[in-house]
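Student: I am new to this one. Can you take me through it step by step?
Tutor: Gladly. Have a look first, then ask.

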Amino acid sequence: MIVYTDALEGVQAEQLKGFFVGWPNPPSAETHLRILQGSAAVVLAKEADGQVIGFITAVSDGVLSAYIPLLEVLPAYQHQGVGGELVKRMLEKLRELYMVDLICDAEMEPFYARFGMRPYHAMFIRNYDRQSGAALKS
Ligand SMILES: CC(C)(COP(=O)(O)OP(=O)(O)OC[C@H]1O[C@@H](n2cnc3c(N)ncnc32)[C@H](O)[C@@H]1OP(=O)(O)O)[C@@H](O)C(=O)NCCC(=O)NCCS
């Protein structure tokens, strides 16, 4: 049975295997754990054994705005409603904020529209040499 939680207590890097599918230079499981710990809000989908099979993160100023940078469900668990449940639970956690934004491909717009989100324009920078999130050498 899949359980959902916003608690990171007890989550280990070993329980974060298999994410960032298709990323050329993905964060390690240890870096993934740092990402979760550094986020303003997270929701995890977990198997009974504690293995994480889906996650969503938000960063926020805690006053007006939040941004949802990452949402992923492991391929073997997709198309079963897990991703939608993660979005629903995250939007509920952020409901008292004014702005909740994310960037997605146009093909994903119907998925997010299910939760009342509306399409708009976005601008972005990607420093591809920083994709893994590895510590910078001093
Ligand atoms: C997007 C993602 C989190 C959805 O997770 P999920 O558990 O399969 O989500 P749900 O089961 O709640 O919803 C699935 C629906 O999302 C939509 N969807 C998922 N991926 C899609 C894609 N690449 N293009 C268009 N629609 C997509 C479809 O409507 C799909 O319906 P279907 O199951 O009938 O095909 C998952 O596909 C994933 O991890 N993708 C890789 C990472 C990613 O793209 N993250 C989002 C960045 S904006």
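Student: Where does the ligand sit?
Tutor: Keep in mind that this is a predicted model. A molecule sits in a pocket if more than half of its atoms lie within 2 Å of the pocket's grid points. The ligand passes that test, and its place is the largest pocket.

Student: How far is the polar side-chain atom of His79 from an oxygen atom of the ligand?
Tutor: A polar contact needs N or O atoms within 3.5 Å. For the side chain of His79, the distance to a ligand oxygen is 2.6 Å.

Student: How much of the ligand does the protein bury?
Tutor: Start with the ligand taken alone, which exposes 900 Å². Of that area, the protein buries 64%.

Student: What is the bridge partner of Ile56 in S4?
Tutor: Strand S3 (residues 52–60) and S4 run antiparallel, joined by 6 bridges. They form a hairpin with 4 residues between them. A ligand nitrogen is 2.8 Å from a polar backbone atom of Leu71. In S4, the partner of Ile56 is that residue, Leu71.

Student: Which residue in S5 stands opposite Tyr67?
Tutor: S4 also pairs with strand S5 (residues 99–101) through 3 bridges, and these two run parallel. Opposite Tyr67 stands Asp101.

Notes
Residues are numbered from 1 along each chain as its sequence is written. This is a predicted model: local features need pLDDT of at least 70, side-chain atom pairs count only at pLDDT 80 or more; totals for chains, interfaces and linings use all residues. Side-chain values use heavy atoms; hydrogens and water are left out. A polar contact is a pair of N or O atoms within 3.5 Å; within protein, one must be able to donate a hydrogen and the other to accept it, and residues adjacent in sequence count only if both atoms are side-chain atoms. Accessible areas come from the Shrake-Rupley method with a 1.4 Å probe; for residues, only the protein chains shown count as cover. On a 1 Å grid over the protein atoms alone, a cavity is a set of points where a 1.4 Å probe fits but cannot get out, and a pocket is an open set with protein on both sides within 12 Å along at least five of seven lines; lining residues have an atom within 4 Å of a point. Two strands pair if DSSP finds at least two bridges between them.
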